[in-house]
Amino acid sequence: RDETTLNTPSAGSLLRLLKFARGRAGLLSLGFLLTLGATTAGLVPPYLTMPLTNLLIRLDPKAEGQLGEVGWYLGAIAAFSVLAWALTWAQGLVMAWASERISADLRNHTYAHLQRLSLEYFGGKRTGDLLARISTDTERICYFLSDNLVDFTTDVLMIVGTSAILLWIDPVLAVSALLPFPIIGWLVY
């Protein structure tokens, strides 16, 4: 193979991680459910600002019932914000635990593979370089699983949720606001 083929990242490399993630499917599912819950809870406060704004515009300072309604909206916004924070914290904890376990499995598997290699292989390599490569690569994978993948999933869920709310509120405005997304997706790709 030529040098460009060896250095080209592929989806196959990422899919091989699934072998190590299978044993942690429960934790990963819990992390996804927490991500979904945190994203949903995070979408509620902006949605509640619309009726709150309408209420504040027509607020009559002499009517006491309206102030209670304003308090209810503010309390709901605060409660959903705290819920989103708590779910995000729990999701970060679960995903950090899962990624650490997956990277530990990967390190153990790699170490076992190195133990099976011949002495000729180690004759041409410096042991420190091998160990540094193993620890650096598994640390990058751990960081990818606990941060990058979670952020990507959260962003996708937020875009889908926001799009659904926009389409429900005003389809014409939503289509005009979402029109650049295919171009942005193509540029990101």
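Two residues are in contact when they have heavy atoms within 4.5 Å of each other. Among contacts in this chain between residues at least 6 apart in sequence, 75% join residues at least 24 apart. The model is predicted, with local features needing pLDDT of at least 70 and side-chain atom pairs counting only at pLDDT 80 or more, while totals for chains, interfaces and linings use all residues. Residues are numbered from 1 along each chain as its sequence is written, and side-chain values use heavy atoms, with hydrogens and water left out.

**The chain as a whole**

The chain has nine helices and zero strands, where helices (H or I, at least four residues) and strands (E, at least two) are DSSP runs numbered from the N terminus. Of the 189 residues in the chain, 22% are buried; here buried means under 20% relative accessible area, exposed means over 50%, and partly exposed lies in between, with a 1.4 Å probe and protein chains only. The chain exposes about 13,500 Å², of which carbon and sulfur atoms supply 68%, and such areas come from the Shrake-Rupley method with a 1.4 Å probe, only the protein chains shown counting as cover for residues.

**Nonpolar cores**

A nonpolar core is a set of buried Ala, Val, Leu, Ile, Met, Phe, Trp, Tyr and Cys residues joined through side-chain atoms within 4.5 Å. The largest one in this chain has seven residues, namely L48, L52, L55, V70, Y73, A76 and I77. Helices α4 (25-57) and α5 each supply at least two residues of this core, and α5 gives the most to it, with four residues. Apart from this core lies another, of six residues, among them F20, A21, L106 and L145.

When neighbours within four places in sequence are left aside, V70 is in contact with L52, L55, L56 and L59. S103, which lies in helix α5, is in contact with T138 and C142 when its neighbours within four places in sequence are left aside. S103 counts as buried because its relative accessible area is 1%.

**Aromatic pairs**

Rings of Phe, Tyr and Trp (its six-membered ring) pair if their centres lie within 6.5 Å; planes under 30 degrees apart count as stacked, over 60 as edge-to-face and the rest as tilted.

| Pair | Type | Centre to centre | Between the planes |
|---|---|---|---|
| Y47 and W168 | tilted | 5.8 Å | 45 degrees |
| W72 and Y73 | edge-to-face | 5.2 Å | 80 degrees |

Y47 counts as partly exposed because its relative accessibility is 30%, whereas W168 is exposed, with a relative accessible area of 63%. In the other pair, W72 is exposed, with a relative accessible area of 55%, while Y73 counts as buried because its relative accessibility is 14%.

**A nonpolar surface patch**

Patches are made of residues with over 30% relative accessible area and no salt bridge, like charges being joined within 9 Å and nonpolar side chains (Val, Leu, Ile, Met, Phe, Trp, Tyr) within 5 Å. A salt bridge, in turn, is a side-chain nitrogen of Lys or Arg within 4 Å of a carboxyl oxygen of Asp or Glu. V82, W85, W89 and L93 make a nonpolar surface patch of about 520 Å². W89 lies in helix α5 (residues 64-116), and W89 counts as exposed because its relative accessible area is 56%.
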